[in-house]
Amino acid sequence: MDIFHMADIIPLIGLPHPPYGRSSYNVPCPCCDDEPRAKHLNINLQKDVFRCPRCGFSGGIFDLYAYYTGIAREDVRDALVARLNVQGNIPKSEHIQDVGPMESPPTDIRSRDETYTALLSKLTLASDHRENLRNRGLSDKEIDRLGYRTTPVVGAQTIARQLQSDGCYLSGVPGFYRKDGQWSFVCDSRGILIPVRDSEGHIQGMQIRRDNVSRRKFRWVSSSGRPDGCKAEGWVHIAGKTRTTVLLTEGPMKADVVHFLSGQTVLAVAGVNTLTQLELTLPQLRAQGVERIMTAFDMDFMENPHVQNGYKALVSLLSEAGFTYGTYLWDPKYKGLDDYIWEHCFQHQTP
């Protein structure tokens with residue numbers, strides 16, 4: 001039995017094709033998006049549905065085709081049969097099963113940056129978190145410049161409502177989702193919010209360093225799996241202006257500390273085995289004049305086979321992208337490069 005799919009009608013109604021490899025993406029909503037860069041309408045090719053979390057415009061394949069062409073929905077089937085020259089038994093109606101909470105892919109970088117910047121302006125940094133950052137070697141001035149904040153533990157819906165009143169877009173911003181029909185922000189655990197920035201300083205997403213946990217202290221701020229939520233994509237963090245040689249480490253907080261203490265430009269991936277976003281970022285770095293990338297992962301990578309396998313994939317990726325590369329090694333009693341630099345620069349830094 002032949003059926004229509006969302007991908008069949010996208011080119012027929014003039015909507016843009018999805019980015020390569022994506023089965024879910026956002027386009028301007030014809031019902032509520034007035035600004036050119038606004039993209040609230042989510043097209044899900046895998047589930048053959050669409051939905052705008054802002055105005056509620058939603059449905060299946062026939063609904064979308066009917067809206068854009070002006071054809072009555074009951075006539076869409078016959079119109080598509082004729083237009084696509086489909087042979088076989090086409091079902092008279094669509095039966096879309098319950099697919100659970102609808103999620104949105106990340107919206108554009110500028111919208112995310114504006115929303116996160118506004119969010120951070122409404123939060124503060126707790127004294128114990130400031131002391132933690134000082135103990136890593138950051139000055140108060142640098143801590144404030146970086147925008148570190150303590151996660152909100154109460155009032156998430158109030159904050160989201162204020163952001164909406166300020167004109168911020170919440171759809172497609174990881175961490176935001178709808179709770180009981182109202183926008184809210186994830187606040188499952190207390191910790192330090194860490195902005196993850198691109199080469200121009202835009203906040204792409206955020207990580208959280210969680211308090212009182214022994215494993216997986218650092219996690220992405222994500223609202224995946226929640227109504228109108230959004231998944232973080234493991235973005236590459238860049239600390240400092242790009243130069244011909246940059247360091248590559250794991251974790252945005254570590255990158256911020258190493259950059260502040262050494263003055264070097266530092267890239268940070270979410271993990272040595274998480275390289276998808278790095279692969280997308282490398283051509284941009286090449287265009288910005290980066291020639292050499294020196295890896296500086298925690299010294300235990302030499303004893304961890306899982307990490308070593310990821311490292312082999314990393315250097316292969318760097319080589320194929322045309323970069324020269326090398327590896328920094330230091331006294332293994334210091335786990336991370338930030339620990340090593342902080343110890344040896346302690347007498348020369350003013351907190």
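Me: Contact means heavy atoms within 4.5 Å. Which residues in α2 meet R73, V76, R77, L80 and R83 in α3?

Reply: This is a predicted model, in which local features need pLDDT of at least 70 and side-chain atom pairs count only at pLDDT 80 or more, while totals for chains, interfaces and linings use all residues. Residues are numbered from 1 along each chain as its sequence is written, and side-chain values use heavy atoms, without hydrogens and water. Helices (H or I, at least four residues) and strands (E, at least two) are DSSP runs numbered from the N terminus. On the α2 side, the residues that meet those of α3 are F62, D63, Y65 and A66.

Me: At what angle do helix α2 and helix α3 pack?

Reply: Axes are lines fitted to C-alpha atoms, for helices over the stretch in contact, and angles between N-to-C directions run from 0 to 180 degrees. The axes of α2 (residues 61–69) and α3 (residues 73–84) lie 9 Å apart, and the angle is about 90°.

Me: Which strands stand at the edges of the sheet?

Reply: Two strands pair if DSSP finds at least two bridges between them. The open sheet has four strands in the order β5-β8-β9-β10, with antiparallel pairing. One side of each edge strand is left without a neighbour in the sheet, because each has a single partner strand; the edge strands are β5 (149–150) and β10 (218–220).

Me: Which residue stands opposite R149?

Reply: Strand β5 is joined by two bridges to β8 (residues 191–197), and the two run antiparallel. Within β8, the residue opposite R149 is L193.

Me: Is Q207 buried or exposed?

Reply: Buried means under 20% relative accessible area and exposed over 50%, with partly exposed in between (1.4 Å probe, protein chains only). Q207 lies in strand β9, and beyond its neighbours within four places in sequence its contacts include I192, F218 and P252. The relative accessible area of Q207 is 4%, so this residue is buried.
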